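User: I am new to this structure. Please take a close look at how its side chains pair up, and walk me through what you find.

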Amino acid sequence: RHFPSVPAAVGWNTMLGVLTIEAMAKICADHGSTCFGIELLNEPYDPGLGKHSRHHLQSFYHRAILSARKHLDKDKPLVIFEWAPRMWYWRHQRNWFTQEIYGRVMFSAHLFHYPHPPATTQKAARGSFHKSIRAVSDF
């Protein structure tokens, strides 16, 4: 069953996400050093939010991280996933996830790119990732 993808459901999806992260944090805490940390995906996503979705995700991350910290010490990494082209948003929010309040927060950028037309040489494939690599290095 899919979560409803309408703006009214965003709050419901967010609450489920926060509860899930907290449950994962309990499991992670029970496994000690075997658990590196928890990655928070850029979900719940609602296409109806359009350009405002990063503000919604920021609020979700805030709530999810604080819920996870009820069970995890501040040295255990909580990793935020983001697409490389959208790293710019978080670059301007750096002081928002302070170590004192949120603990160790890291970012993970996956470089997925499907050039059109498809790259057929190694040089073209490397070149197709240039923008994404630059976005991450600017972060």
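**Side-chain contacts**

There is 1 salt bridge in the structure, which is a predicted model. Its partners are Lys70 and Glu22, with N and O 3.7 Å apart. Lys70 sits in the loop between helix 2 (53-68) and strand 2 (78-83), and Glu22 sits in helix 1 (residues 10-30), so the bridge ties together parts 48 residues apart in sequence. Lys70 is exposed, with a relative accessible area of 58%. Glu22 is buried, at 14%, which falls under the 20% cut-off.

Next come the cysteines. A search of the whole structure gives 1 disulfide. It joins Cys28 to Cys35, with an S to S distance of 2.1 Å. The torsion about this S-S bond is about -100°, so the disulfide is left-handed. Cys28 and Cys35 are both buried.

Now the rings. The count comes to 10 aromatic pairs. In one of them, Tyr89 and Trp90 have ring centres 4.8 Å apart and planes at 85°, so this pair is edge-to-face. Tyr89 is buried, with a relative accessible area of 5%. Trp90 is buried too, at 1%. Trp90 also pairs with Phe97. Here the centres are 6.0 Å apart, the planes are at 35°, and the pair is tilted. Phe97 is buried as well, with a relative accessible area of 10%.

Conventions: Residues are numbered from 1 along each chain as its sequence is written. This is a predicted model: local features need pLDDT of at least 70, side-chain atom pairs count only at pLDDT 80 or more; totals for chains, interfaces and linings use all residues. Side-chain values use heavy atoms; hydrogens and water are left out. A salt bridge is a side-chain nitrogen of Lys or Arg within 4 Å of a carboxyl oxygen of Asp or Glu. Helices (H or I, at least four residues) and strands (E, at least two) are DSSP runs, numbered from the N terminus. Buried means under 20% relative accessible area, exposed over 50%, partly exposed in between (1.4 Å probe, protein chains only). A disulfide is a pair of cysteine sulfur atoms within 2.5 Å. Rings of Phe, Tyr and Trp (its six-membered ring) pair if their centres lie within 6.5 Å; planes under 30 degrees apart count as stacked, over 60 as edge-to-face and the rest as tilted.
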